[in-house]
Amino acid sequence: MSSLSSKHLLGIKGLSVEDIELIFSTADNFKDVLNRPMKKVPSLRDVTVANLFFENSTRTRLSFELAERRLSADVVNFAASSSSVTKGETLIDTVNNILAMKVDIIVMRHPNAGAALFLSRHVNASIVNAGDGAHEHPTQALLDAYSIREKHGEVKGKKVVIVGDILHSRVALSNIFCLQKLGAEVMVCGPTTLMPKYISSLGVKVEHDLHKALEWCDVANMLRIQLERQDIKYFPSLREYMMLYGLDKSLLNSLSKKITVMHPGPINRGVEITSDVADSDQSIILQQVENGVAIRMAVLYLLAGKVS
Ligand code: CP
């Protein structure tokens, strides 16, 4: 297979296992390119990509922009806070104005679930979902699974626990879909208040005791507490959260085996994870960031092949 099954990347749910494997093998090639002195290839010459960020981002925005520039695409950036959206312009009007400038691919982050799907039904460009509300963040899940594959040889058969604010997390949902498609066992762990009510219907194990969850897993993906999406108090204090669901060095060292620690970022150091764990040899957090560029190059390259 040399082509993705869709001209958009809206979520992991819509990807086949073959799509994911194609993205990984393409990313392997781009990782080689990124390790060369000449890191730029002409693959997206004459392709224009617009990065539309209606919500804050550091990693994803920079990673996409770097991926686009490494592929020699023409890049335009749009941040909602400094645009005419603040003057009342609708999403469709904003995007149609950008498309009138002959844009081929739109990478969009938006606070509303379904925004990328909505856009894909109304405009002609390829749409890449860079995070839509608490719904999906497909490139994050792809880079997470790719990093597990790199560290452990394969994803199939691995036990992965996703810890923390599952309720507000697009990273959790995309990771669950991606890891299960690739044959991993998935557990979610966190306080009852931050656990979606019917989460077990997705076929994941649910555990509220962090020590038990960590003893079970090969890999722990520690999620950020999304205070900006929490309209009520879901736990008494960050201090109590850290005591029950934070990962520190003494807890890590107390486990009967060496697990791999991940975090999608941005990290609240001392809340989900302490600095000595984040910076330890069991952490692959920086490898996740590095792999993010190769994965996004692969996604953009494969979608550009479908631009008409
Ligand atoms: N992991 C992630 O999506 O980070 P940003 O919000 O900084 O893009």
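Modeller: Here is a walk from that one residue out to the whole chain. This is a predicted model, in which local features need pLDDT of at least 70 and side-chain atom pairs count only at pLDDT 80 or more, while totals for chains, interfaces and linings use all residues. Residues are numbered from 1 along each chain as its sequence is written, and side-chain values use heavy atoms, with hydrogens and water left out.

Let's start with M243, which sits in helix 8, residues 238-245. Helices here are DSSP runs of H or I with at least four residues, and strands are runs of E with at least two, numbered from the N terminus. Is M243 buried or exposed? With a relative accessible area of 63%, M243 is exposed; that word means over 50%, buried means under 20%, and partly exposed lies in between, using a 1.4 Å probe and protein chains only. M297 is 54 residues away from M243 in sequence, and their C-alpha atoms are 39 Å apart in space.

Now for the chain around M243. The chain holds 11 helices and 9 strands. Its radius of gyration is 19 Å, close to the 19 Å from the globule rule for 308 residues, so the chain is as compact as a globular protein of that length. That radius is taken over C-alpha atoms, and the rule is 2.2 Å times the number of residues to the power 0.38. Along its principal axes, the C-alpha trace spans about 55 × 45 × 35 Å. Buried residues account for 56% of the 308 in the chain.
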